[in-house]
Structure formats: structure tokens, C-alpha cells
Number of protein chains: 2
Amino acid sequence: MEIVRIERKSLEDFGISVFEKLGLSAEEAFDSSTILVSADARGIQSHGMARLWRYANGIKAGVMKTSTAPLVLRETPVSLVLDGQGSMGLSLSKNTMGQVIAKARNLGMGVASVRNSNHFGIAGYYAEMAARNDMIGIAMTNTAAMGVPTNGRDPMFGTNPIAVAIPASKGRIFCLDMATTCVTRGKIETYAREGASIPKGWAVNTEGHETSDAIKLIDDMLYLRGGGLLPLGGEGEQFSGYKGYGLAVLVDILCAVCSGGPFGKSVMDSEITSARVCHFFGAVRLDLFRDPEEFKNDLGKMLDELNATKPAQGKERVLYAGQKEHEKEIECDQKGVPLSRKVYEQLESIAQELGLSVPSVK
Amino acid sequence: MEIVRIERKSLEDFGISVFEKLGLSAEEAFDSSTILVSADARGIQSHGMARLWRYANGIKAGVMKTSTAPLVLRETPVSLVLDGQGSMGLSLSKNTMGQVIAKARNLGMGVASVRNSNHFGIAGYYAEMAARNDMIGIAMTNTAAMGVPTNGRDPMFGTNPIAVAIPASKGRIFCLDMATTCVTRGKIETYAREGASIPKGWAVNTEGHETSDAIKLIDDMLYLRGGGLLPLGGEGEQFSGYKGYGLAVLVDILCAVCSGGPFGKSVMDSEITSARVCHFFGAVRLDLFRDPEEFKNDLGKMLDELNATKPAQGKERVLYAGQKEHEKEIECDQKGVPLSRKVYEQLESIAQELGLSVPSVK
């Protein structure tokens, strides 16, 4: 796959121009672009500018609404429940996490559950907002149903990611940001495009048996014939797939049952309809537990010990959660943000339509 | 394996007598016995009366302390940090969760981190205490290091279970209670005793490669030569083992870094020393989000939908987290609590030493 690199600020500015041309407010455009680019900068290309055309379509179709204030359904000094009313998920989520952090600043903790939002990009972005404020940050979202429960055959939950970010010494952040299915649909699609077999343990077919046929699987999922992604831990009980299944349902409960939004197989998604996804955010101040500097020093020691442990034969090093992504981000600030040539061309076509131009390749 | 059944109340009373004879206060003895028996009743025999002899040894050796009040290290209206000072983990945990629930009743949420405790049995027990009070309950503990990080070869964290319990309609509780390693050491030991091979994907050897040799693995782990359990998701990145690894470290942070206790490979355990394990508890009131009855009805619908989904070919049914354990508990209340003949004989020998008698088999 051919990669081009673009200077980060230029790419962000381009995204801002696109979103403003599409009618977003200045703040929404800024949030949406910078959060998407942060995914590319961390090496999570699936959630970055590759999705710009989907947001553009959603805004043009009116299913991702601009300048729409969320409805407050319930609020206490430590909690917030919102109906997003189909507004831009990226900006809505950043604002909501900001409110959660403010609540935590006052009373030590804050949580929010949000219904009727749209795709919010990478969960880790919001969790890290709290971490940068000496808090433990939590972010989750449900997604369109594509995961199959243990011993089932039909999709009953989404890839439902969980992110938790916790700050450590030397500016480091432990950031676990994980789909609760074993892999995402995007990964299966890559195999399907290349005509390759997927490893058994990633997905089941319409009978509920492990499959290696990526092309048939994607087709069956698209036409709702059954089959889908396995939860983390794989099929049945041998490798504890019921744990990933339980985690996926837990995310669905916190995001959708807590906010009164759609859950399970009711969560549908298409290129032109609103995703109606639900999110959950949380923040807990470190100083509820200890002096934050002592806490971060101890966590730093833990991360150092993990980095210092002997690698398996043939492996180079042992990392902690989020380390690879942060290293990539530092690299991007120097070398530019990587995009595949195909995504770059998509951006060019979006730019042309709107009378804009894509920043040149570094 | 031969199973005997004992009437639940009689088994609990026996446990209480044993703990009282060993010097525990009436409350500690009651808590410790009933929590252990609840594990057997749910079919989690590894955490039930099979461990009574370990508690007895710990108390006799003075490493599990009776009538020892925990030291309050830090407290706010929503949080609590304790040093357990080596007291009985079961009773200490029940008391701590009680305080967390009281805090949540006042302000909506409560959390606690506890260091220098002892084994607390099943995490789900404490999470369900909150669920029975119309709250989301959370319980975690770190354990002796036996899990190997992704791309590593040496144990750097424990089996570090996470439990989350959430109440639903008709008295049901969604209760996810899962070790963050793929399987526990107990499961490997069972294979080792039978001379059987373990499936690849459960553990790695001293070089950090997947192993099927249960006997050598147990021996290498015992003599700290390296090798150990794989995190949920297995070896390397193909089945997302880094997610289980991240979850295990997350538990270690919330339990041990938050409380200033031992973490990672420093957590050692033996039959005669205190485990010095650390716990984390949390409770969040449902009515922060919605009317609790509406919440429980919606969650009930979700659980009904999961139960109603079509099973995989050859499978009988699809369950939700905790359902199997709760069905077993109902069965035990009628038929008695199952114990293996070997555990029953262990109880007889403990009874004899203390001048007590084990309740007769049903």
C-alpha cells in the first residue's frame, strides 16, 4: 500500500475547511477535523481521514446535524444523560467529555451516557482528555450490530470499543483502546479485498461455525443473512470467548441502556442514515486515591518494568497499552501524517467538489 | 469426579464454626463462610470451600489477621483508600463494598481501592451487592503474577479478575465475572494432574512460545523459571492478546497503583504468606441515568433478546453473563451445594483437627 505523508497542521486545516464548507460551525469543524487526524497520527487509519467522505455524506444527507444542541435528559452534580439528536458525534463527544471532566474537578468523579449520536472516531481520544487533567478517563461507544454472542450465529452487538486512559510520569499515558470483538469488520474487509482466508477464530458463518471465507462472510453480513465477528476470546468457551461477549454487552448497557437509546441488533448503520449510536464517558480524579505525582511515578515504574521485561524469543520488545500509538504520533509530528494513496485521492475528490485543495505531500 | 451435595445452610454453618474456632469474630466468620459457599453454589468450585484449608493455614500462621481494622489512607464523600493490614480479604471486601454503596447512596457514585488484603474469593459477589441496591457494581483484584504480557516470556501480572454486575427486571442480574487471562492456573493444574496436553493459546513456555505441556509449565511457574498464562486473546497480535494484557494491567493499576500497594511481579503468594493483594470496588446508582424500573425493564429486554437469538448449529442456547451461575445457585438451593469428594474429605480433616463435624451428605 503506497503511503503519502502530509504535514499535520495542514491536514487539520484542510479538514476544518471541508467541514466549514459543509455547514459545520467553526468549533464543530475544528473538533471533527483534529479528532479524525489524531487517529491517522496514531496509526489508526480506519478511524481517520479515510472516513471523511462518510461524514461529508452524512452532513449533506442531513443525518449528521450541525449546530444542534443535545437535549439534557437528566443531570446531577456527578452525572449527565444526553440525547445527541443526531448531531456530529466527534464534537458532541468532546464537549460531553469536557463536562464530565468539569464534574470530576468538582466532586472527584463524573459520568455521562449519550444517545442518538453519530460516529465519534477513536474512543481513546476522549479518555486521554481526562488523563491530561490528572484523571482516569473512560470512553465507550456501541456500534452497528456485527458481533455474534458465544454459541450464537447472528449479530447481537457491535464492535463496542472500551478506552481507558491513565497518566504516568514523563508525560506518558497508559491508554487501552480496544474493540471488544476479536477484530473489526474493516480487518475482514481487507482480507476479502485481497481474496485471502481469515484465521479461524475471527468470525462465524451463518450456521455459527468458525469460517475462513472472508468474501462470503462480508456478503452474508451485508445482506443480514447471519454470521459475524467473534468476541475477544473467539468461538465457544475454550479460549473464553464469553468474556469478550460479556464485555461487548457491558458496553452496550453503559452506552445505550443507561441513556435509553437503541441497543443490540437495533443499532443499524448505513452510508446515508444516522448511526444513532450511544456513548459512555467517565472521569475519576487521581487525587481521590493518592497524591497525583506519587501515583504517576508508581505507574511510570510499572510501565518501565513492563518495557524492561525479557521479550519472547524472536520478539523485539514488550510494550504497554497505547505506547505504539504515542510513538507513531511523535513520528508524525516530525515526518507528517501518513495516508494511503487511495485515501489521499478520496480527499482530492472531496476537495474538488467543494472548491478546495488538498495540502501537498511532504 | 465424584460429587456430594450438602444442604447450603448446614455448609455455611460449618464454615462459620471453623472460622470461629480459628479465632475470627462472629461477623468475619459469617462473611467468610457465606462468601466461600456462594462460590460453590454458583459452580465456581475453585473459589469455594476447596480453599478453606488455605484460609485455615493463613489464619493459623498469622498472615491472615482477625479483628484487624483497616487503616484509612484517604477518604472523600465519593471515595475511600484503605490499607487492609493483612486482615481477612472476604470480610474486609464485604465491608468495603458496603461503604462504597453507602457513598453511592449519598452522592450517586462511590469507589474504593484497598491494599494489603488477602484473597477475597469471587469478585462477582461484591459487584452483586451493589446490583441488589439498584446500582452498577464493580469489583476487581490483582493476584500473584502468573500472566505473561504480549510478546513477553515472564509473568508480569496476575489473573486479575474484573466483575461488573447490573440489575435487570424479574430479579435477574447481568454479572460478568472474568479473569483477564485466557484461563486460570487452576485449569492448567487440572490438565497437569491428568497428564493431558493443554490447547495452544492458553500459555507460553520459558522462551515465550505457545506450549501444550501442562506439567512442565506448572513446574516452570512454581520455580519462577518463566513461562505463564496468556492474556485473554492469546499469543501475539493475531487474536488480539494485547487487549487481555491491557485489561490485566488496568486492573493492576486500579487495585494497586491507586492504593499504593504491590503490583506486577512483586505480588507473590504462597500457602503460608499473606497474599498482600489489592482490590478495587465501585458502585454507581442507576437513577443517575434513568428511572431504575425503566432501566431494569430495558436491560431485561436486552437479556431476553440475547436468550432468544438462534443458537449456532449443534448448540442448545445463548446465555448472558452470569446466567449459568444463577441457574446453578437456584438448583443448589433445592438439591444442596455440590462439592467434590476430595474437597469433602479435606473438610472432614479440618473438622477433625478442630473437634467439629462436617454436615452429612444430602
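Here are some exercises on the structure above, each with a worked solution.

This is a predicted model, in which local features need pLDDT of at least 70 and side-chain atom pairs count only at pLDDT 80 or more, while totals for chains, interfaces and linings use all residues. Residues are numbered from 1 along each chain as its sequence is written, and chains are lettered from A and ligands numbered from 1 in the order in which they are written.

**Exercise 1. Describe the overall build of chain A.**

Step 1: Start with the secondary structure. Chain A has 11 helices and 11 strands. Here helices (H or I, at least four residues) and strands (E, at least two) are DSSP runs, numbered from the N terminus.

Step 2: Look at the extent. The C-alpha trace of chain A spans about 55 × 55 × 45 Å along its principal axes.

Step 3: Turn to burial. A residue is buried if 20 or more other C-beta atoms lie within 10 Å of its own, exposed if 12 or fewer, and partly exposed in between, with C-beta atoms placed from the backbone. By this rule, 59% of the 362 residues of chain A count as buried.

Step 4: Check the contacts. Two residues are in contact if their C-beta atoms, placed from the backbone, lie within 7 Å. Of the contacts in chain A with a separation of 6 or more, 64% come from residues 24 or more positions apart.

**Exercise 2. Work out how chains A and B are related and where they touch.**

Step 1: Superpose the copies. A rotation of 180° with 0.0 Å of shift along its axis places chain B on chain A, with an RMSD of 0.0 Å. That is the relation of a two-fold axis.

Step 2: Find the axis. Among the residues of chain B, Gly233(B) comes closest to the rotation axis, with its C-alpha at 2.4 Å.

Step 3: Count the contacts. In the interface, 66 residues of chain B are in contact with 66 residues of chain A. Helix 8 of chain B gives the most to its side, with 7 residues. By class, the side of chain B has 37 nonpolar, 19 polar and 10 charged residues.

Step 4: Zoom in on one residue. Leu250(A) is found in helix 8 (residues 241-257) of chain A. Leu250(A) is buried, with 23 other C-beta atoms within 10 Å. Not counting residues up to four places away in sequence, Leu250(A) touches Val164(B) and Leu176(B).

**Exercise 3. Which residues touch the most other members of the largest nonpolar core?**

Step 1: Recall the term. A nonpolar core is a set of buried Ala, Val, Leu, Ile, Met, Phe, Trp, Tyr and Cys residues joined through C-beta atoms within 7 Å.

Step 2: Name the residues. In the largest core, of 246 residues, they are Ala127(A), Phe174(A), Ala127(B) and Phe174(B).

Step 3: Follow one of them. Beyond its neighbours within four places in sequence, Phe174(A) has contacts that include Leu299(A), Leu303(A), Val249(B) and Ile253(B).

**Exercise 4. Asn160(A) and Ser67(B): is each one buried or exposed?**

Step 1: Take Asn160(A). Its place is in the loop between strand 5 (135-141) and strand 6 (162-167) of chain A. Asn160(A) has a positive phi of about 25° although it is not a glycine. Asn160(A) is buried, with 30 other C-beta atoms within 10 Å.

Step 2: Take Ser67(B). Ser67(B) lies in the loop between helix 3 (52-60) and strand 2 of chain B. Its phi is near 50°, again a positive value in a residue other than glycine. Ser67(B) is exposed, with 12 other C-beta atoms within 10 Å.

Terms used. Copies are superposed by least squares on the C-alpha atoms of residues with pLDDT of at least 70 in both. Ala, Val, Leu, Ile, Met, Phe, Trp, Tyr, Cys and Pro count as nonpolar, Asp, Glu, Lys and Arg as charged, and the others, Gly among them, as polar.
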